[in-house]
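This report describes the nonpolar core and some backbone features of the structure shown below.

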Amino acid sequence: MSRWSVLGCGVAGLCVATLLAERGEDVEVIDDESRRPASWFAGGMLAPWCEAESAPREVISLGQHSAAWWQQRVSGVEHHGTLVVAPPRDSQELNRFARMTEQHQWVNPGEIEPALEGRFARGLFFAEEAHLDPRRALSEMREQLMQRGVRFKTQHPQGQIIDCRGIHAAPELPRLRAVRGEMVILHSDEVQFSRPIRLLHPRFPCYLVPRRDGHFMLGATMIESDDASAISARAMMELLSAAYAIHPALAEARIVESGSGLRPAYPANLPEIHYQNDTYYLNGMYRHGFLLAPMLAEQLMQRLFAEQSHEYSA
Ligand SMILES: Cc1cc2nc3c(=O)[nH]c(=O)nc-3n(C[C@H](O)[C@H](O)[C@H](O)COP(=O)(O)OP(=O)(O)OC[C@H]3O[C@@H](n4cnc5c(N)ncnc54)[C@H](O)[C@@H]3O)c2cc1C
């Protein structure tokens, strides 16, 4: 019988299972394989300073060491920073973004990303930021967990439950809401980028995250909705026109995939840990699952094992 049963195979569940397994704990992971996790659709940006434009400051304090956490556990963590640009008509957006954020420098974008030579007069470079490929990271974590003897099942949890079901836990967590995010995967041999490019726009900001072999993740909408259906035509058009504004050669890119994921969010858009009805809940990752799940999982460990040593010493 397992001591811990982690529900959910998204980034939150796998981070928790990893830390438990690293402590030598007996863990099983229960997943509903019929549902694609929101984590599957993520961009994989580890960008605490850019996110501070619209997020509480805790996102910086919790997220700034996350790239190092990932680097110790999975391959393919790229430490090339983030480049933020804006079309000439929206260049005031860059000033606003600079005021709202820190740890950046003004640059000529073409000097950071040669493919952007001559396209944008100026940009903001966040040198400390990183990115990873979420699908690769999730599958490597899962593989490592299996090598450590962690069992993956679809039902019948037998240990103390740690619920990391993302938006699927909403019936038990009534403050949790869904924020729909639509995305596209492109393939192009014509354009090469080494780092995420964020395009500012007053109505529709978007980003392009490079993946392996000429692939790019293009995202993402932010819609207050629990509709998990396929990408809308409108979102597809807006994302593609933003990609075109970053580089016209992307007009010839191939659309390899599109999709949508539901980000689980609490009212403050910050993750929370709860204990209720004999269950621990780690949820509310919002748009920061890869950025914040490692630190939230570390906090959960402190809570679990502090409570436990307290129990034993009582
Ligand atoms: C388009 C998009 C782009 C994003 N980009 C980024 C980014 O660049 N950087 C970043 O840090 N974050 C990003 N995010 C946010 C991030 O993806 C989410 O915060 C994160 O995926 C939430 O993870 P989770 O593990 O809580 O939930 P999920 O990933 O949704 O995982 C929930 C898991 O629970 C399982 N489950 C459901 N029901 C049950 C059940 N009954 N029993 C057992 N298991 C069950 C599901 O199968 C799934 O495996 C993005 C999100 C989207 C949608």
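## Core and backbone geometry

In this predicted model, tyrosine 286 counts as buried because 23 C-beta neighbours lie inside 10 Å, the cut-off being 20 or more. Tyrosine 286 is located in the loop that runs between strand 17 (279-283) and helix 9 (289-313). Its phi is positive, at about 50°, although tyrosine 286 is not a glycine.

A positive phi is also found at glutamine 103, likewise a residue other than glycine, with a value near 65°. Glutamine 103 belongs to the loop between helix 5 (91-100) and strand 5 (105-107). Glutamine 103 counts as partly exposed because it has 17 C-beta neighbours inside 10 Å.

A further backbone feature concerns the peptide bond from glycine 219 to alanine 220, which is cis, with omega near -15°. Alanine 220 lies in the loop between strand 13 (215-219) and strand 14 (223-224). As background, most residues other than glycine have a negative phi, and most peptide bonds are trans.

| Residue | Phi | C-beta neighbours inside 10 Å |
|---|---|---|
| Glutamine 103 | near 65° | 17 |
| Tyrosine 286 | about 50° | 23 |

The largest nonpolar core comprises 91 residues, among which Val16, Ala17 and Leu218 touch the most other members. This core lies between domain 1 (1-77 + 131-175 + 266-314) and domain 2 (82-127 + 177-265), because both give residues to it. Leaving aside neighbours within four places in sequence, alanine 17 is in contact with Val6, Val27, Val29, Leu145 and Val150.

Note on methods:
Residues numbered from 1 in each chain as written. Predicted model: local features only at pLDDT ≥ 70, side-chain atom pairs only at ≥ 80, totals over all residues. Core = buried A, V, L, I, M, F, W, Y, C linked by C-beta atoms within 7 Å. Buried ≥ 20, exposed ≤ 12 C-beta atoms within 10 Å, placed from the backbone. Domains from an automatic or database assignment. Contact = placed C-beta atoms within 7 Å. Helix = DSSP H or I, 4+ residues; strand = E, 2+ residues; numbered from the N terminus.
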